[in-house]
Amino acid sequence: MFQNFDAPSRAHPIKDRLVALRAHLDRAGLQGFIVPHADEYQGEYIPAAAERLAWLTGFTGSAGAAIVLAEEAAVFVDGRYTLQVRDQVDVDDFTPEDLIGNPPHQWLKDKLSTGQRIGYDPRLLTLAEARRFEAACRAAGAELVALEENPIDAIWTDRPLPPLSQVMQQPDELAGESADDKIRRMQAVLADKGVDAAILAQSDSIAWLFNIRGADVPHNPVVLSYALLKRDERPTLYVDGRKLSNAIRDQLAERADIKEERAFLTDLAALGDEGRRVLVDPQTTPALFARTLTDARGVLVEGADPVVLPKARKNAIELDGTRRAHKRDGAAMTRFLAWLDANGANGTETEISVARKLEAFRAEAGEADGSPLLEISFDTISGAGPDGAIVHYRVNEATDRKLEAGTLYLVDSGAQYRDGTTDITRTIAIGTPSAEMRDRFTRVLKGHIALATARFPRGTTGAQLDTLARHALWQAGLDFDHGTGHGVGVFLSVHEGPVRISKAGNLPPEPGMILSNEPGYYKTGAYGIRIENLIVVTPPAAIAGGDREMLGFETITLAPIDRKLIDVALLSPAEKTWMDAYHARVRDALAPSLEGADLAFLIAATQPLGA
């Protein structure tokens with residue numbers, strides 16, 4: 001499923017939905033209900049059938065929550081969506097709140113009265129989230145009630161059907177390791193932890209472990225499913241059998257038992273009855289699963305999903321495939337930038353038309369390379385002028401803005417190829433940029449270069465690295481309200497844990513991890529700037545004259561950065577050297593894939609600064 005630019009459905013007014021939900025809660029003896037942006041599989045991106053938050057509130061961002069009480073309601077978003085939420089949500093119905101500064105459980109605690117009952121769907125809240133709400137309710141003398149049926153499902157009469165995409169195998173020559181070897185490796189981890197089994201509730205963990213892919217979630221090639229990984233037995237994969245061809249079922253059956261999803265809770269309770277020790281990640285496991293296990297007297301051992309860290313450490317085969325994908329994607333991106341350079345200021349192109357053009361170039365590049373574009377990796381952020389200041393802006397037919405001379409255009413996009421996932425942001429001057437635009441862009445670029453060139457010892461956290469990307473902005477009294485970097489999968493989720501480069505990033509990057517490098521600056525109502533490349537953490541290496549080996553980063557994204565927006569006077573000699581070297585590498589890598597006007601654009605766009 002490629003990008004759909006239609007505005008969210010408004011078949012029934014939000015106010016009517018809110019009234020219907022409150023009536024349903026009242027009949028059930030509840031004074032409130034918690035609505036997370038989540039599905040039963042706890043992924044960041046969810047299928048249409050699980051978009052309960054969007055259906056109820058109108059907010060379509062990828063993170064957030066709502067709480068509905070009898071007399072008031074709130075919708076919670078982070079810094080990426082502070083502008084978007086007010087565009088999409090009627091503030092007379094839902095008060096926007098800061099997801100980080102005033103989290104839902106704290107807001108609820110302040111609103112509750114003694115004896116009130118607040119409902120939640122235990123499939124949609126993780127164990128950690130449920131505990132926070134339980135503590136908030138207990139402190140207020142209220143009760144948190146786990147519901148058998150989600151009340152939104154009872155009133156959402158035209159709810160889409162759950163997805164049923166076909167499962168496909170990710171071949172070993174692209175995965176770099178067989179599923180059998182991965183399973184044995186993970187079973188050794190369970191033995192080291194002294195547990196009998198582990199619950200795998202995240203779809204990308206399951207996809208990586210079994211070397212399978214699907215299309216159940218837009219832009220994310222995963223199969224919605226569950227798994228039990230057992231230390232001394234075959235694992236069990238719980239998946240709707242309609243997603244399995246006979247050939248795929250036979251392949252999976254060689255290494256795992258295959259069952260329908262409805263058997264999962266029964267098997268989990270059976271482990272509890274046997275007194276088994278089961279590893280549960282409280283941050284990703286639905287509260288219902290933990291409750292089922294403990295109710296059956298199983299031993300719940302809390303710890304991180306054992307697959308997350310090995311999945312993040314890419315092997316050499318995965319990295320080689322990702323580099324190929326970025327070279328292919330870079331050629332498509334350069335063709336797009338050449339086309340935009342020639343057509344962007346003509347007064348006829350819009351955010352949607354240029355996003356579609358970029359997708360077409362990606363499709364052509366994949367066909368030429370023999371590695372077709374299978375999906376875009378997320379909805380393209382195509383922001384012209386003031387829309388670029390909305391960090392996760394999602395254009396639709398109602399908001400589609402024309403590109404105009406004298407403005408900035410921000411495009412954040414990516415692709416899913418069989419051998420790799422890409423994510424790139426470029427900010428382009430349409431016509432002549434102002435001095436302020438060039439100043440802000442160059443400060444963002446300085447932060448981008450500082451992170452790209454960082455050398456750091458093992459154990460350095462994402463939060464420590466994050467300051468490098470912000471320093472040049474901070475010196476001018478500027479900042480941005482999102483993280484600087486997230487993990488990226490290999491033909492998997494474009495947002496991948498566990499490491500992130502952000503003010504809250506408490507884990508250290510490790511060799512082989514793919515991360516984004518994307519500092520930005522946003523002037524509300526005027527423009528947005530972001531420069532994003534993907535980087536790979538390189539192994540420790542000596543520095544001449546030093547006494548300790550240091551990790552570093554390899555930049556793998558290949559596409560020109562707009563030289564018209566660079567104020568060369570603000571760059572140090574070392575920063576200019578990096579910029580020229582990067583553009584030379586982009587030119588050498590992409591020139592063989594381009595011709596004619598596209599090649600001429602590439603050569604001009606990658607000239608040394610000052611040339």
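Trainee: What should I keep in mind about the model and the numbering?
Mentor: The model is predicted, so local features need pLDDT of at least 70 and side-chain atom pairs count only at pLDDT 80 or more, while totals for chains, interfaces and linings use all residues. Residues are numbered from 1 along each chain as its sequence is written, and side-chain values use heavy atoms, with hydrogens and water left out.

Trainee: At what angle do α14 and α19 pack?
Mentor: Helix α14 (residues 316-343) and helix α19 (residues 596-605) pack at about 90°, their axes being 9 Å apart. Helices here are DSSP runs of H or I with at least four residues, and strands are E runs of at least two, numbered from the N terminus. Axes are lines fitted to C-alpha atoms, for helices over the stretch in contact, with angles from 0 to 180 degrees between N-to-C directions.

Trainee: Which residues meet there?
Mentor: On α14, T334, R335, L337, A338 and D341 meet D598, F601 and L602 of α19, where contact means heavy atoms within 4.5 Å.

Trainee: Switching to the sheet, what is the strand order?
Mentor: The sheet is open, with three strands in the order β15-β18-β19 and antiparallel pairing; two strands pair if DSSP finds at least two bridges between them. β15 (375-376) and β19 (420-421) stand at the edges with a single partner strand each, so one side of each lacks a neighbour in the sheet.

Trainee: And which strands does α14 touch?
Mentor: α14 packs on the sheet, touching β18 and β19, and its direction makes about 130° with that of β18.

Trainee: How many bridges join β18 to β19?
Mentor: Two bridges join β18 (residues 415-417) to β19, and Q416 has T421 in β19 as its bridge partner.
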